[in-house]
Amino acid sequence: MDDEFRGLFDVSNDFAYFNCAAIGPLPHAAVRAIEAGAARHARPWQISTVDWVDDVEERRALFAALAGCDADSIALVPSASYGLATAARNLDAGPGQRVLVLAEDFPSSVYTWRAFARRTGCEILTVERAPDRSWTEAILDALDYRVAVVSVPTVHWTDGALVDLEAVGAAARAVGAALVVDASQSFGAMPMDLGMIRPDFMVAVGYKWLLGPYGLSYLFVGEAHLEGTPLEENWLQRAGSEDFARLVDYVDEYRLGARRFDVGERSAFELTKAASASLAMIRDWTIPRVSTRLGWVTERIEVAARDRGLATTSGPIRCPHILGVALPAAATGSAAAIFKSANVQVGFRGRAVRIAPHMYTNRADCLRLIGALAEIAALA
């Protein structure tokens with residue numbers, strides 16, 4: 001593995017960062033864009049319609065191109081929770097119906113659907129997965145005509161266990177259930193075919209695998225919901241809002257497509273061009289190339305972990321970019337210190353670690369991580 005991409009990031013050669021599933025490092029290009037944006041905001045007389053509208057549309061188009069959809073299907077939101085709340089506002093259920101979620105899913109999703117259940121009178125159906133089974137099998141076994149909404153991630157956030165969204169989407173449509181996908185732990189790191197999955201809504205944060213700033217996220221809205229109800233009413237949602245001289249000529253019409261769901265203050269002068277810089281970098285790499293490289297990295301780490309007697313937690317089918325490794329009971333109290341001493345950062349999830357590399361990861365990083373895993377395995 002070469003260092004072709006290392007120089008694009010401010011990642012020290014003395015440190016191995018395997019926690020991109022928590023937050024991805026900003027590339028140098030994004031940092032420069034933030035500095036330029038802050039300098040422009042320091043002189044607000046330099047801010048023009050380009051900053052208010054055109055730069056935002058560039059970011060929307062870049063994300064849409066990666067998603068393989070029209071930009072009119074993309075809303076710019078601040079977080080996964082905002083996108084999920086938008087989905088919940090535009091879906092319905094009733095007593096005797098269910099929302100299907102995964103066990104130990106990310107809290108933002110669980111809390112959203114609990115609130116939805118209180119409002120609609122429906123129930124939460126929490127799907128569990130046996131260690132030798134995939135999430136897809138568990139979901140399909142639980143999915144029936146009582147389910148009104150299926151809310152699932154592309155991969156489980158704790159260990160990268162994969163959900164076959166095409167199979168789940170087809171099964172959801174067969175029983176008349178809406179499909180809501182949280183792609184925050186996969187978008188940018190593995191291909192997604194929205195045309196085959198056909199979600200009603202899909203949300204993805206920008207600060208993990210898309211390597212962008214915190215607070216700039218994305219919501220795909222299916223065609224059936226493009227005339228739905230936004231969470232808020234802000235001036236930039238409205239048709240003709242780019243004409244500042246006519247803002248008090250109030251109109252009921254929203255801007256085209258999913259733009260009605262855009263968050264207020266979406267222009268984010270200091271951050272928008274940084275997000276676009278990171279999206280453009282991933283576009284140039286191509287998502288299949290990212291997926292292949294990260295799969296190569298995690299496969300070798302997985303083999304090394306198993307050779308040292310450490311079990312993986314991701315189940316029979318996992319994504320290419322995240323790996324879960326179980327910690328021996330004897331090592332749970334000392335694993336964090338071992339990783340810290342080795343200058344390795346991973347994510348801790350109960351009695352397991354989540355390993356999440358990106359394009360900056362090199363051979364030296366992998367050797368450093370494997371050395372720490374060997375020291376942990378020796379404690380068993």
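Which residue in S12 is the bridge partner of Gly324? In this predicted model, the partner is Arg354. The pair belongs to the contact between S9 and strand S12 (residues 352-355), two antiparallel strands joined by 4 bridges.

These strands are part of an open sheet of 3 strands, ordered S9-S12-S11, with antiparallel pairing. Strand S9 (323-326) and strand S11 (347-349) each have a single partner strand, so one side of each is left without a neighbour in the sheet. From one strand to the next, the twist averages 30°.

Another open sheet is built from 7 strands in the order S2-S8-S7-S6-S5-S3-S4, and its pairing is mixed. Its edges are strand S2 (74-77) and strand S4 (123-127), each of which pairs on one side only. Neighbouring strands here are turned against each other by 20° on average, direction ignored.

Within this sheet, strand S7 (residues 201-205) runs antiparallel to S8, and 5 bridges join the two. Met202 has Phe220 in S8 as its bridge partner. Helix H3 (residues 80-89) lies across S2, strand S6 (178-182), S7 and S8. Relative to S7, helix H3 runs at about 170°.

Beyond strand S8 (217-221), the loop between this strand and helix H8 (272-285) contains Leu247. Together with Trp235 and Phe244, Leu247 makes a nonpolar surface patch of about 260 Å². Is Leu247 buried, partly exposed or exposed? Leu247 counts as partly exposed because its relative accessibility is 36%, and partly exposed covers the range between under 20% for buried and over 50% for exposed.

Terms used
Residues numbered from 1 in each chain as written. Predicted model: local features only at pLDDT ≥ 70, side-chain atom pairs only at ≥ 80, totals over all residues. Heavy atoms only, no water. Patch = residues over 30% accessible without salt bridge, like charges linked within 9 Å, V, L, I, M, F, W, Y side chains within 5 Å. Areas by Shrake-Rupley, 256 points an atom, 1.4 Å probe, with all protein chains shown as cover. Salt bridge = Lys/Arg side-chain N within 4 Å of Asp/Glu carboxyl O. Buried < 20%, exposed > 50% of the residue type's maximum accessible area, 1.4 Å probe, protein only. Pairing = 2+ DSSP bridges. Axes fitted to C-alpha atoms, helices over the stretch in contact; angles between N-to-C directions. Contact = heavy atoms within 4.5 Å.
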